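This report goes through a set of chains in turn, from fold content to annotated spans and contacts. Please read it alongside the sequence and the coordinates.

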Amino acid sequence: MSRHTGRTKLMVLFLMIIALLVTACGNGGNQTGTANSDSGNNPATGEAGTATGEKVKLKFTFWGSPQEKKAVEDAIKAFEAKNPNVTIDSIHIPGTDFLQKLNAMIAGNEAPDLSYSAAWKLKMGEEGLIYNFFDLMKDDPSIKKEDYLQYAWWNWDTDKSAGPYQASVVPSLMYNADLFKEAGVELPPTKAEEAWQWDEFVETAKKLTLDRNGKHPDDPGFDPKNIKQYGVKYSLSWLSYMPLVLSNGGDYLIGDGKEFGLSKPEATEAIQKIADLINVHHVAPSPVQASSIPAPATALQSRKVAMVIDGSWNHLDLSKAKINWGVGVLPVLKDYKTFFLGGSLIIFKSTKHPKEAWEFSKFLTDPQNVLELHQGLWMPQLKQWYEDPKLVDSWANEELPGRPAGFQDAVMRSTYEHAEPSPENNIRNFVEIDAAVTAGLDQVWLGTKTAAEAMKEVEAKVKPLIQGTYLK
Amino acid sequence: MRTKAWVEKGLVYLVLMAGGLFSLLPLIWLIRSSLMDMGQIFELPPIWIPNPFRFSNFSEALTILPFGRYFINTTVIVIFSMIGVLVTCSISAYSFARMSWRGRDLIFGLLLSSMMLPYAVTLIPTFIGWSKLGLTNSFIPLIAPAWFGGGAFNIFLLRQFYLSIPRDLDEAAYVDGASHGRIFISIIIPLTRPALVVVGLFTFLASWNDFLGPLVYLNDESKYTLALGLQQFKGMYAAEWHLMMAAATVVLAPAIIVFFIGQRYFIEGITLTGIKA
Amino acid sequence: MEPVSSLGVQRPKTKRNSYRNELYGILFALPAILGLVIFTLGPMIYSLYMSFTDYSGSNSPSFIGLDNYTRMFSGEDQYFYKALGVTLYFVVLSVPTGIIYSFLLAILLNRNIKGKAIFRTVFYLPSIVPIIAISFIWLWLLNPDLGLANELLRAIGLPGSQWIFGEKSVVPSLALMNLWTTGGTMIIFLAGLQDIPRSLYEAIEIDGGSKLNKLRNITIPMMTPTIFFNLIMGIINGFQVFSQAYVMTNGGPNNASLFYVFYLYREAFQFSRMGSASAIAWVLFIIIMLLTYTVFKTSRKWVYYEGDEAR
């Protein structure tokens, strides 16, 4: 009982502030919310998908680089042109603060109608905040589960889904071809069957690593403290180490997802290999050294690194950097294994216009409508776009600036044919498990612990968090 | 004896110089880095004077993100906070200094002890309160507290000033039948203008420099303040130190300018804080 | 605190008049009173209530008794003790160094030296820099490869440090950074020093006492109230470090800079556990109160108050 009155009292107090504030500072400038700016002069024609002619306004939150922001806004315009009765109020929120800002909106009953989303969406699904995509799909024959990549689903239960990837990205090896030429080294292979074995990869990286005096790591007098050009920059997140762990036969979780897999020998061996690039072979920057290396495209352009293993979204920046760049397949330990990853569009239960939100989510998820983004930043999530030559040509043509020579083999086919589920949408409770793993791995990259030691410690911490998998 | 005094004096200056260097070097390094290109910045051993001076870093940093928008947002918040604090703090402080009413000392004691309360304790409930009112993602949560006494510290400071004004002045007016409002406006305010400047300056700085408040309350990028904009910059241009330093300089410059304009008041204000705490 | 009396001379006293005076008094103080209730007392009570609930900010809070607290103290929440340890370590490092450093500068500045005003300005300058800009500047200074700090160390033949990238060095690095912004403390000390009556020093001079004697027997005892004030404020501020961790280290490496308020922030705004975050906040409140209380208690032994000798 007291619970309730406490809250009411607080509400009254807050109302009092507002009343006072309004009287105190009269025309207090532009500090009110975004809400009321209904642009109301297009006559509703009520066609294309939306049932009623009534005016509808959707609030949509998203993140992304300036280019992505622009492309998404263009797509929104196109959607609005096709559906004149719908206006999209798009709110761009920087990725680093996204979840926190979204939480704030939800707490304030200001949740958007739909939103970009990352792994945290599954918790929102469990809490009943968002629509089950499978329910929405039932009434719409245009969306079929089997059209999508096998693992492109964000499900929080067997029959409950936060939707398929809205678009995909993959782990990718990118390089500056000029640096290979200067070192007289052959370019990275582009076919999965010909992928570098780990030792070949290390040897190549050594040839591409130069200290201040132009010496390579195996040369006498090499100065590992003053490296001018690193052979490779390995992004040190699960995005980059998981393909190698999978390649070695390990996995994030094992035993039907009931046991922590990263502490097993297959996984720690792979992780240790990456750490050795830094601390033994001196061909890759440590987290410390990486702090003075810019984002991948700039790093390749400014010759700070010769190769980068990071997300394929960097292709867009690379295409704008005007350098002689290329892509190769990832190095392997045993089999070639990798994964697609991506976000999905979630529709909030609080929306008053689920139908229009659904139409918009379909629109934005259809590669055709955001084709420009699929020619550099993203990759499609629909199987057909990997199989139908005409469709493939529309986004993966190697004449496109964002698609260098070898792209179809090195990025598209190698991933499409060797895809496993990404840990992010497969593992339950991934956000919290990964927080502990990432903290533990800090020590491995810094060379203060071996991968086996660090993961053993992490295992104890994450044990209570492990709750199985969603997809496989 | 003379030489001993000399050595001692020299030592004093040496320590002071070292301290001064420690204070200034980071700022010099900031400005130096903000005027270089990436090549110069990575040079070892480091060069001190940029050659050539690259002022384009500023225009580049300022165009990447809508810093103009952030500047306006920050200014709006700062100005409304300052007005709020000046109006409500001075009135309340007057009451605590010059009027007598039951419970006054208790309330003042509570106010003083609230200075020791960690903001983290009230952060979450206040946030939830604002969000239930649908006022997050607006400037109101950042400005409103200023209109309610704006923090015990300012009231405390002004009260100290008011107490230092001889009572004869307002007592004479009081006996002549002037109301408290009249006394406050025509006697106390003119006499304590410097104090109001001090409070205004402190409020400016606190509001300009605030990071957690905007971080918690502002969602939409178009409502961001400079501090949030700078943080965003870090995510996008990691390791491009020349641009990061240029952006940081832009955020810092107004604070420094205001400091130099009101320097005398600042020192005075801080001095008052420590006395009779 | 000196006694505050209302205006001594009064107009003819009537009951109505004194009621009116009371009313005006409260009216004038109303902004502060409301502020106290709305932004301090109300939220504290609400926060205490929330700390006994499971509340995400969007669901309706359900009462779970002491669960949030037991989860913290039992170690089930693996970050609580870590955050507490990190923060205590920071306080232990930063508070004494900050006080000693600014006290030293203040004593030197209090002598008859040239350029006093300039030095004072220079020492104070860093403390007006926005925390986000401070974080940027020091992120760059402390960069292990290219930063000025390691460059200077190398120049005098010392090995560089990993600074904020080392698990062991991250908290000391942030304490060093804190030292940079202690100008305000220095000015408070300076004001205190200027308040010490000359006559006390003269008495010692007549007895032929040395400078050290003066420092030990007059300056430090007379300054104890100011030291006490700065100590309390230092502890309170030290426990509330947030932005540095958020901007510079994100709590890492390996949670070595998981400051308490950062941990609280993460719990509340990223993991949406408002109930648990409120419990974390209340524990912080109690810790600070206990520490302050302890310092107050011991202050009887070492803080000198004017007028004490009369008793």
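This is a predicted model: local features need pLDDT of at least 70, side-chain atom pairs count only at pLDDT 80 or more; totals for chains, interfaces and linings use all residues.

## Annotated spans of chain B

Residues 70–94 belong to a set of spans in chain B for which UniProt, in an unreviewed entry, gives the feature "transmembrane region"; the set consists of 12–31, 70–94, 106–130, 142–162, 183–208 and 241–262.

## Domains of chain B

The domain assignment divides chain B into domain 1, covering 2–57, and domain 2, covering 59–274. The centres of these two domains, taken over C-alpha atoms, are separated by 33 Å, and their contact takes ten residues from domain 1 of chain B and eleven residues from domain 2 of chain B.

On the side of domain 1 of chain B that touches domain 2 of chain B, at least two residues each are supplied by helix H1 (2–34), helix H2 (38–41) and helix H3 (56–64) of chain B. The largest share, four residues, comes from H1(B). By class, this side of domain 1 of chain B is made up of five nonpolar residues, four polar and one charged.

## Annotated spans of chain C

For chain C, the annotation "transmembrane region", again from an unreviewed UniProt entry, covers residues 23–46, 86–109, 121–141, 170–193, 218–239 and 277–296. Among them, residues 121–141 of chain C are 71% helix and 0% strand, and their end C-alpha atoms lie 22 Å apart. Residues 277–296 of chain C are 100% helix and 0% strand, with the end C-alpha atoms 28 Å apart.

## Contact between chains C and B

Between the two chains, 80 residues of chain C are in contact with 81 residues of chain B. Helix H1 (residues 15–50) of chain C provides the largest share of the side of chain C that touches chain B, namely 21 residues. That side of chain C holds 59 nonpolar, 16 polar and five charged residues.

## Chain A

Chain A contains 19 helices and 15 strands, and of its 472 residues 49% are buried. Of the contacts in chain A with a separation of 6 or more, 73% are accounted for by residues 24 or more positions apart.

Terms used
Residues are numbered from 1 along each chain as its sequence is written. Chains are lettered from A and ligands numbered from 1 in the order in which they are written. A residue is buried if 20 or more other C-beta atoms lie within 10 Å of its own, exposed if 12 or fewer, and partly exposed in between; C-beta atoms are placed from the backbone. Two residues are in contact if their C-beta atoms, placed from the backbone, lie within 7 Å. Domain bounds come from an automatic or database domain assignment. Ala, Val, Leu, Ile, Met, Phe, Trp, Tyr, Cys and Pro count as nonpolar, Asp, Glu, Lys and Arg as charged, and the others, Gly among them, as polar. UniProt positions are given in the numbering used here, feature names are shortened, and annotations may be inferred rather than shown by experiment.
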